[in-house]
Amino acid sequence: MAELAKRVKDLPPYLFARIDDKIAGAKAKGVDVISLGIGDPDLPTPKNIIDKMAEEIYNPAHHQYPSYAGMLSYRQAVAEWYRRGRGVTLDPQTEVLTLIGSKEGIAHISLCYINPGDVARVPAPGYPVYETGCMLAGGEAYKMPLRAENGFLPIFEDIPSAVAKKAKLLFLNYPNNPTSAVADEAFYRKAIAFASENDIIICHDGAYSEIGFDGYRPLSFLEVPGAKEAGIEFNSLSKGYNMTGWRIAWAAGRSDVIRALGTVKSNIDSGAFQAVQAAGIEALLGPQDIIPRMCAVYQERRDIIIDTLNEMGWHMEKNKAAVYVWVPVPKGFTSESFAEFVLDKAGVVVTPGNGYGAAGEGFVRMTLTINTERLREALRRMKESLGAVAF
Ligand code: MLT
């Protein structure tokens, strides 16, 4: 039997594939599992988007290969969305690329710049694909610790200049997964200065840019002066428009980086289904009232989680954005043992923080993308099985 390539042998199983196995195991034992695991919106895709898809699917032009870079009309819609919502100007021809979900773009960007032995800086804890994309390219991911005392922002001054100079890519992600931290303009300005001093390309993952609470609106990286010269932003319709299953996203920003990503992708995939891109145009340029309604639902769920945990003995502040709550584990538990405990005793799945790298140890992540009544039930069961907790 052919031996697996080292890059595959070195790859850990995907975090949520492991969690799916746990869920299947508990369900097989007859447990009524409530999953606060993956961030996958339970709210439906808005009707106007579905209607557009239903209409477009009959267009025979969509049944053939799509264009590699994506339909120009979709890229124009992305540019228009940035102009209307963020005041950012983008050339749809050279500064926007259609992606089949931002996960593939994030994985493929390392293939554009990372040679074996090259370095990408990744946040720790962080979305696993920043690191595994770099590993698949033969590179090394150097971790930038995100610590609670620094608002879960990396401190660029702490990176020795010899180390900084080695890196080619710098991954950032705010609102952040898994910590739900946010970044302000001053932070992005520092990141841009650091990247320009050290000749590093910033790859900002803005997947949660539309989800803010209590009147807070997260920034897009591209709104910050100098961002378009410093790198690109990945974003997607998954979380902002409840379209995770549709696999439609984009990368936007620095044109040479967009071109490189387009070159790699044209050798790997054949583009996104055009009917889905047409539905994406409807999402981006159609009625936007879904966004405040969705944020209100998530805000209520955030309050249910944090208020209940605080009644049990936690001391948590309310996060301003994202679809996650990053929860420190009580005394006597590790991330894994706490996740096991709540699954065994309460039938509730939470994501162990160490699934986002060792720096996530001591935390679990709970998602807000679950039906509100089921969420209340999950918290009720957790309260019953845990009682009061200490830290
Ligand atoms: C998450 O829950 O971290 C994300 O939804 C997973 C993903 O995008 O793969």
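**Strand pairing, burial and aromatic contacts**

Q: What makes strand β5 (residues 167-173) and β6 joined strands, and how do they run?

A: 5 bridges join β5 to β6, and the two run parallel. Two strands count as paired if DSSP finds at least two bridges between them, so these two qualify. Within the pairing, Leu-169 stands opposite Ile-201 of β6. Helices (H or I, at least four residues) and strands (E, at least two) are DSSP runs numbered from the N terminus. The model is predicted: local features need pLDDT of at least 70 and side-chain atom pairs pLDDT 80 or more, while totals for chains, interfaces and linings use all residues. Residues are numbered from 1 along each chain as its sequence is written, and side-chain values use heavy atoms, with hydrogens and water left out.

Q: How do you know that both faces of β6 are covered?

A: On one side Ile-201, Cys-203 and Asp-205 are buried, and on the other Ile-202 and His-204 are buried. In total, 5 of the 5 residues of β6 are buried. Buried means under 20% relative accessible area, exposed over 50%, and partly exposed in between (1.4 Å probe, protein chains only).

Q: Why is Tyr-174 called buried?

A: Its relative accessible area is 2%, under the 20% limit, and therefore Tyr-174 counts as buried. Tyr-174 is found in the loop between β5 and α8 (185-198). Leaving aside neighbours within four places in sequence, its contacts (heavy atoms within 4.5 Å) include Phe-152, Phe-187, Tyr-188 and, from β6, His-204 and Asp-205. Tyr-174 also belongs to one aromatic cluster with Phe-156, Phe-187, Tyr-188, Phe-194 and Phe-221.

Q: Why does His-108 count as buried?

A: The relative accessibility of His-108 is 13%, which is under 20%, so the residue counts as buried. His-108 lies in helix α5 (residues 102-113). Apart from neighbours within four places in sequence, it is in contact with Leu-261, Val-264, Lys-265 and Ile-268.

Q: How do you know that the charged end of Lys-103 sits over the ring of Tyr-14?

A: The term requires NZ of Lys or CZ of Arg within 6 Å of the ring centre and within 35 degrees of the ring normal. The charged end of Lys-103 sits over the Tyr-14 ring, 3.6 Å from its centre.

Q: How do you know that the span of helix α14 (residues 335-346) agrees with 1.5 Å a residue?

A: The expected span is 1.5 Å times one less than the number of residues. For the 12 residues of α14 this gives 16 Å, and the end C-alpha atoms are 16 Å apart, which agrees. In α14, Ser-335, Phe-338, Ala-339, Val-342, Leu-343 and Ala-346 are buried. They cover an arc of only 130° (taken from the directions from the helix axis to the C-beta atoms), which puts them on the same side of α14. The face turned away from that buried side carries the exposed Asp-344 and Lys-345.

How values were computed:
Rings of Phe, Tyr and Trp (its six-membered ring) pair if their centres lie within 6.5 Å; planes under 30 degrees apart count as stacked, over 60 as edge-to-face and the rest as tilted.
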